[in-house]
Amino acid sequence: MRTSAPPPTTPGPLAGLVVVSLEQAVAAPFATRQLADLGARVIKIERPGRGDLARHYDTTVRGMSSHFVWLNRGKESVELDVRSAAGNRTLHELVGRADVVVQNLAPGAADRLGLEPATLTARHPRLVVCGVSGYGTGGEYGTRKAYDLLIQCEAGLVSLTGGPEEPAKVGISIADIASGMYAYSGILTALLDRGRTGRGTAFEVSMLEALGEWMGYAEYFTRYGGTAPLRAGASHATIAPYGPFTAGDGTVVNLGLQNEHEWEAFCRVVLQQPALAADPRFAGNAQRVARRAELDALIAEVAATLTGEELVARLEAAPIAYARQRTMAEFADHPQLRARERWAEFDSPVGPLTGLVPPVRLPGTDPALRPVPALGEHTESVLAWLAETPEQAEQPVPARAR
């Protein structure tokens, strides 16, 4: 696999920003890793001896957890017993030096540590405080623990995913990722507002509400249409033809149509049955969805007579949007990502690793990916920084400590 690691140019746009995060698992770490990739100094508080739960999910990355490697690049790890008197004092000293505080602790844990949002913003008027929780403060669910699968269930996502016979969860931590992205964008919004008003703020992101926002089309469809979208496996629930078809050599190609012009071209060029475009059984998307099984059978019959390359050639000629159904290994060697040099090396406790460059990278900023930290790797350097005067602390952080 080709990797790209050009030399640093200028610091990222968030250079100089200090983030203190009491985080674990996926949601908050996903948000703060975005900040770290943009140059922020993210100080990750971890439990002594054990650290973030995600460090122990698996050992697939040369002994490290794939989740932890994915979520924690570019951060500084500090082991701190925040429930002890001394550790809690240190925590609050760090908060006093921070621009942003993030936490996704269990319900009530942040308050017990003295991190109530109202208290923090009163004590530190420029501070941005972000809490990520399962269900949000208040209500009968406010004190419940929450995990990704549980939120997928509560948000109705599992009821829509899978095939006609059985629902299924999404194969990635989509509720965590959704809430992490809203935490990330909310932090940037709060910082932008601080630049205008001079004051920070506190806000909360709930996993249920974040994923609920992503369920918008399905909720409107159900509320006003009277029935939920049907589970359709890899096909689209409300557009046809739209989904996977298997060529005669076993190649699976997903294709999708969006309008009647494409339907006519599909019938003429791909199926080579131009009269089908005027067939009243398939006149309009609603009719095609209603007769999906019949339509899919017609397409499958044609696809079975072609190789994967021949089917793709016809789709290109139409032109109809399509995609090869890739495995994860094939995605890791995707020609488009390789052509755009989207893979780069970064350091870790187990040696150099390869990962995707962040989707957002401003021109002229540092493209280098920063290391994944070992547990407690930066405890001494961060405590030394904390002991400095604020003027001393504003000096640049050594490259490895970043």
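Reader: What separates R268 and E264 in helix α11?

Author: In this predicted model, R268 and E264 are 4 residues apart in helix α11, which spans residues 260–270, and therefore about one helical turn lies between them.

Reader: What makes the contact between R268 and E264 a salt bridge?

Author: The closest N and O atoms of R268 and E264 are 2.8 Å apart, and the criterion asks for a side-chain nitrogen of Lys or Arg within 4 Å of a carboxyl oxygen of Asp or Glu, so the pair qualifies.

Reader: Why are R268 and E264 called partly exposed?

Author: The relative accessibility is 41% for R268 and 31% for E264; because the label covers values between the 20% limit for buried and the 50% limit for exposed, partly exposed is the term for R268 and also for E264.

Reader: How do you know whether R55 and E46, whose side chains meet in a salt bridge, are buried or exposed?

Author: Buried means under 20% relative accessible area; R55 has 15% and E46 has 2%, so R55 counts as buried, and so does E46. Their salt bridge has an N to O distance of 2.8 Å, which means that it falls within the 4 Å limit.

Reader: What makes R324 and E309 a salt bridge, and which parts of the chain does the pair link?

Author: The side chains of R324 and E309 meet at 3.4 Å, N to O, so this distance too is within the 4 Å limit. The pair links distant parts of the chain, with R324 in strand β9 (residues 321–324) and E309 in helix α14 (residues 308–317), 15 residues apart. R324, at 33%, is partly exposed, whereas E309, at 53%, is exposed because its value lies over the 50% limit.

Reader: How many salt bridges does the structure hold, and which residues are linked in a network?

Author: The structure holds 17 salt bridges, and E23, K44, D52 and K75 are linked in a network of them.

Reader: Why can L150 belong to a nonpolar patch on the surface?

Author: Patch residues need over 30% relative accessible area and no salt bridge; L150, found in helix α6 (residues 148–154), has 39% and is partly exposed, so its area passes that cut-off. Y147, L149 and L150 form the patch, with about 300 Å² of accessible area together.

Definitions and conventions. Residues numbered from 1 in each chain as written. Predicted model: local features only at pLDDT ≥ 70, side-chain atom pairs only at ≥ 80, totals over all residues. Heavy atoms only, no water. Patch = residues over 30% accessible without salt bridge, like charges linked within 9 Å, V, L, I, M, F, W, Y side chains within 5 Å. Areas by Shrake-Rupley, 256 points an atom, 1.4 Å probe, with all protein chains shown as cover. Helix = DSSP H or I, 4+ residues; strand = E, 2+ residues; numbered from the N terminus. Buried < 20%, exposed > 50% of the residue type's maximum accessible area, 1.4 Å probe, protein only.
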